[in-house]
Amino acid sequence: MSGAVGFLVFFLTYAVVYAILAIGLNIQWGFTGLVNFGVAGFFAVGAYLSAFMTSTPSPYHLGGFGLPFPVGLIVAMAASGIFALILGIPVIRLREDYLAIVTIGFAEIIRYVIITEENLTKGPYGMGVIKPYKELVPPSFYSLFYLGIAVIVLVLLYVAMQRAVHSPWGRAIRTIREDEQVALAFGKNVDFFKLQVLVVGSMIFGLAGAVFGHFFNFITPNHFLPMETFLVWVMVMAGGSGNNLGVIIGALAVRGLWEGMMFLSDILPQGIQIGAVRLAVIGLLLILVVMVKPEGILGEKKTASDIL
Amino acid sequence: MQLIVNGILMGAIISIGAVGLTLVSRILHFFYFGYAAMLVYGAYLTLTFFNFLGLPLVLSVLISIPLLALLAILIDKITFKNLRVRGTGPFGMMVVGIGLELFLRSSIRLLWGSDVMRYDLPIRRALVLPFDIRITPNQIIIISASVVLMFLLHIFLDQTKIGKAMRATADNIVLAKVRGIDTERVIMWTWVIASISAAFAGFFLALDTRLVPIMGWKLLLPLFAAVILGGVGNPYGALAGGMIIGITGSLSWIYYTYI
């Protein structure tokens, strides 16, 4: 496969990775009101851990256990969850703006550790990641096959999260978002719920990282810049915080905008850097969403108790 | 010893920047990520006046300050003023601030390009002081100018009426309104102080290293650390916090070289 179809498959797989990230952030921000600016950090943890687990032995980086792909996914999720727990226990009670700074600091620590610990991660040179189940399909159809895997992961995750947010647990976290005092008055352990949400959401980021690594087959610290975090935030805020379908649409739309701007380079005068224009548009989008449409494209459906 | 001197130098740059950021954080009541872009704008405006128009260096810095302040106040009028009227919380403002940071940073790349640039100054040898400390004349200028700036800032905040109003607003915004302080005017002056602070910090950072569009973002986290360590809204705390962060950051190299 090549040309337009190949590009479409590439684009869709990339968008699915971001949709997974957006669902993770939606659980944290959309449903619980928990601010996490460290998305890129957990994303990186997942990508690297899965790469360590599944790659063949090598003296140049950590791991190389040659384990199967699902093990990579599970370890990536577990590791991100553990990192979230370590980070969360001391900081979960902070107010949202302080939490933002702490989490962004966490993501930068992860990124700098990856850059400096060259003997573990090959540092800025980046490390290769295997293509799972490569032998099952002919090479020309492999990218389509992997898109299928990614979509299956996304659908499973979507169903699981829809069930979670409509369960009593989901009602509890939404109460926390609306009014912590009310949740406290109902005897809910607010901090514990928030910690659970931080861990679950971050595990989803880890999962997205693993899916991303095996899709891109090559990861460097530059894939996990703070920019990625803000991109996911735009997707969630524009798509509609608190609506899982909305954030998936947001992910597709923002990713489409991001890739679509590449075609601008034919129109724009020579010498204008497309990367800078992209960044500017994402910045403007963030400003506009907050100022014009804070609830996003789809928004959240108002729900009330059956008794009312 | 060399590390301590380097730390003081970095601390001076962080302190100067943190003073503006702490006042903005407190008076506008949110953490302004776009401050990083203000810093870089200050450095690049100075570069334009100095390298391309051939003005003296000190004059270039002094001209870029009012321009930067105008830009900051204009942005405030377009975005944050509306949000204040609407009663948007600190988080919404912070997201807008991040959007501004991304937008302004890329506008720097579009206006000046992403290449590494430097001020057209002759390269001078580092002076060797006792204890084998090496320090360049530029670094001496940075440290001494920071001290003078901090002193001027202290006089401004302590003696002038608007400085007092600013400290009052930073202390308790509701009480300040009750006492008849025009908070919108205070906010305007906050942007002016923030611009002075950002322009000098950006200029010093560029003088000591090089100009790249990303340099503000790299300094932003140390700046926030200094602001929070010193207590949000306390300029003197920001000075102390900046020094502590700068020196600790520099001394951590000792640990790094021994492992």
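In chain A, the axes of helix α3 (residues 69-91) and helix α9 (residues 190-216) come within 7 Å and cross at roughly 140 degrees. Axes here are lines fitted to C-alpha atoms, for helices over the stretch in contact, and angles run from 0 to 180 degrees between N-to-C directions. Helices (H or I, at least four residues) and strands (E, at least two) are DSSP runs, numbered from the N terminus. The structure is a predicted model, in which local features need pLDDT of at least 70 and side-chain atom pairs count only at pLDDT 80 or more, while totals for chains, interfaces and linings use all residues. Residues are numbered from 1 along each chain as its sequence is written, and chains are lettered from A and ligands numbered from 1 in the order in which they are written.

The crossing of α3(A) and α9(A) is right-handed; a crossing is left-handed if the near helix is turned anticlockwise from the far one by less than a right angle, and right-handed if clockwise. Residues that make this contact include A:G72, A:A76, A:S80 and A:F83 of α3(A), and A:L198, A:S202, A:G206 and A:A210 of α9(A). Two residues are in contact if their C-beta atoms, placed from the backbone, lie within 7 Å. The contact of α3(A) with α9(A) comprises 15 nonpolar, 8 polar and no charged residues. In this classification Ala, Val, Leu, Ile, Met, Phe, Trp, Tyr, Cys and Pro count as nonpolar, Asp, Glu, Lys and Arg as charged, and the others, Gly among them, as polar.

Helix α9(A) also packs with helix α7 (residues 168-178) of chain A, at an angle of about 110 degrees and with the axes 10 Å apart. The helices α7(A) and α9(A) are therefore roughly perpendicular to each other. Angles under 35 degrees count as roughly parallel, over 145 as roughly antiparallel, 65 to 115 as roughly perpendicular and the rest as oblique. The contact is formed by A:A172, A:I173 and A:I176 of α7(A) with A:V190, A:F193, A:K194 and A:V197 of α9(A); by class, these are 6 nonpolar, no polar and 1 charged residues.

Helix α1 (residues 3-31) of chain A has 29 residues and reaches 40 Å from its first C-alpha to its last, close to the 42 Å expected at 1.5 Å a residue. The expected span is 1.5 Å times one less than the number of residues. A bend of about 35 degrees occurs in α1(A) at A:L25, taken as the angle between axes fitted to the seven residues ending there and the seven starting there. After α1(A) comes A:G33, whose phi is positive, near 75 degrees. Helix α1(A) packs with helix α6 (residues 142-166) of chain A at an angle of about 20 degrees, with their axes 9 Å apart. The two helices, α1(A) and α6(A), are therefore roughly parallel to each other. Their contact divides into 21 nonpolar, 3 polar and no charged residues.

Between the chains, the contact takes 24 residues from chain B and 22 residues from chain A. On the side of chain B that touches chain A, α3 (57-86), α4 (90-112) and α9 (215-230) of chain B each supply at least two residues, and α4(B) gives the most, with 16 residues. Helix α4(B) has 23 residues and reaches 32 Å from its first C-alpha to its last, close to the 33 Å expected at 1.5 Å a residue.
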